[in-house]
Structure formats: structure tokens, C-alpha cells
Amino acid sequence: MYFDVTFILLIPCIILGVYAQSKVSRTYHKYNSVPNLQGYTGMDVARKMLDDNGLYNVTISQIGGELSDHYDPRAQEVRLSYDVYYGDSISAVGIAAHEVGHAIQHAKGYFPLRIRNMVIPMTNFGSFLYLPLLILGIVLSSTPLIRWGILLFTLIVFFQVITLPVEFNASHRAIMTLGGEGILQADELTGAKSVLGAAALTYVAAAVTAIFQLLRLILIFGGGRSD
């Protein structure tokens, strides 16, 4: 048994990840108890934004779970959790607007989103195979297998990194609409920014963790050495 010194690289990532999850939960619940002055629900805001952008064919549905909100480009459907769909809180309208931001990106062919969607199948493939290849490479002392495992992991890193501009841009679209259309007042907009900013931090944490994990693999195996 021995201590793998490269694990030190992951400690800041673990701390950042825990902090990000804690922050998004605290911020969401804080502003989920604050109703917006106009009385809009998340569904109201989502439908208004979609219609204003000519996306009449995009549907909105209510799904289970908390913070499970997302946009499905294949079904062209914005899916909102119960509290966001029916809720009139600052959190609800901010999250609903963010998800519609993804629908607008999809409709306009936003380049980073197109790239992310293109690499999803490869990323899923890499997630499934990189670890078995690394283990098999170590067992068989096979440098090519180890290198292939590391190469597949870089697909995961790329996906996490390309996700950042997609998420930041969706939040930017949301905030610009909420403020520009007068859906939220200035102080309410600050709350919405806090909610979306906290959510964005979770994606930053995931990207940083993936990058440091890749660096750790390279350090451990020296680009392919299994000894």
C-alpha cells in the first residue's frame, strides 16, 4: 500500500464541488421563498419568452424532482420541476428563463451548443470505456490501452469545458430578458442573478474537477507508462 501524492490535486476540486452544491441549494431555497412582484409563474415566463422568440412549437411540461429543470432539444420541450412550473418565486422565473435560453440557443444554432450536442455520443462512449481500458492496460502492462483510456477521458473533459459557455450564455439571455422585459425589478434581478450564478458554479466545479483528474492520470501514467 502507498499514498498516491497526485490525489492532492483533487482535494481543492472536492472542496469546490461541495461548496458549489451547498451554495446552489442555499441560494435556490432562499429566493424560492420570495415571490416576484408581477406574479409571474415559471411557466408564464417560459411561455412568454418562447412566444416572443417565435418558438411556438416548443412545449412546456412539468416534471418531478427538485432542480431537475432542463430543455430537451430532441423533443423540443422545456421541462420544469413543480416549484418552477407553478411557482412565482424569483428562483422559479430565473430558472425557467434559463431553460428557455437553451431552447433559444437551439433554435438559433448557437455554436458551442451545437458542438456539445455533437460530442455527447462520444462522451457517453468515453465515460463507459475509459476506466475499463485503464484497468486492463495496467493489468496487461499495455501502454496503448492506457493511452486510449486517457484519450477517452479527454472527451469527458472537453464536454465539461464546452458546457461552460453554453450555460453562461443561457443565463445571460435569461437575465437580459427578465430585466429588459420588466418581468423582474432591479432588486429582484439581483436575486435571479444569484440563483443562476450559483448554478453556474456547479458547472465550473465539474469542469475544474475533470481537468485536474486528467492531469492526475497523465502524472500517474506518464502519458502511457504502466510501471
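The largest pocket has a volume of about 770 Å³. A pocket here is an open set of points on a 1 Å grid over the protein atoms alone, where a 1.4 Å probe fits and protein lies on both sides within 12 Å along at least five of seven lines. Its volume is the space filled by probe spheres set on the points, which are joined across faces, edges and corners. Lining residues have an atom within 4 Å of a point. There are 31 of them, and the closest to the pocket centre are Asp69, His70, Glu99, Glu167 and Tyr203.

This is a predicted model: local features need pLDDT of at least 70, side-chain atom pairs count only at pLDDT 80 or more, and totals for chains, interfaces and linings use all residues. Residues are numbered from 1 along each chain as its sequence is written, and side-chain values use heavy atoms, without hydrogens or water.

Helix α7 gives the largest share, six residues. By type, the lining divides into 15 nonpolar, nine polar and seven charged residues. Asp, Glu, Lys and Arg count as charged; Ala, Val, Leu, Ile, Met, Phe, Trp, Tyr, Cys and Pro as nonpolar; the others, Gly among them, as polar.

Now the whole chain. It holds seven helices and three strands. These are DSSP runs, numbered from the N terminus: helices are H or I with at least four residues, strands E with at least two. From the N terminus on, the order is α-α-β-β-β-α-α-α-α-α. The C-alpha trace spans about 65 × 35 × 30 Å along its principal axes.

The three strands form an open sheet in the order β1-β3-β2, with mixed pairing. Strands pair if DSSP finds at least two bridges between them. The edge strands, β1 (59-63) and β2 (70-72), each pair on one side only. β2 and β3 (77-81) run antiparallel over three bridges. Across that pair, Asp72 has Glu77 as its bridge partner.

UniProt, in an unreviewed entry, places "transmembrane region" at residues 118-141, 148-166 and 200-221. Such annotations may be inferred rather than shown by experiment; names are shortened and positions follow the numbering used here. Residues 118-141 are 96% helix and 0% strand, with end C-alpha atoms 33 Å apart. Residues 200-221 are 100% helix and 0% strand, with end C-alpha atoms 32 Å apart.
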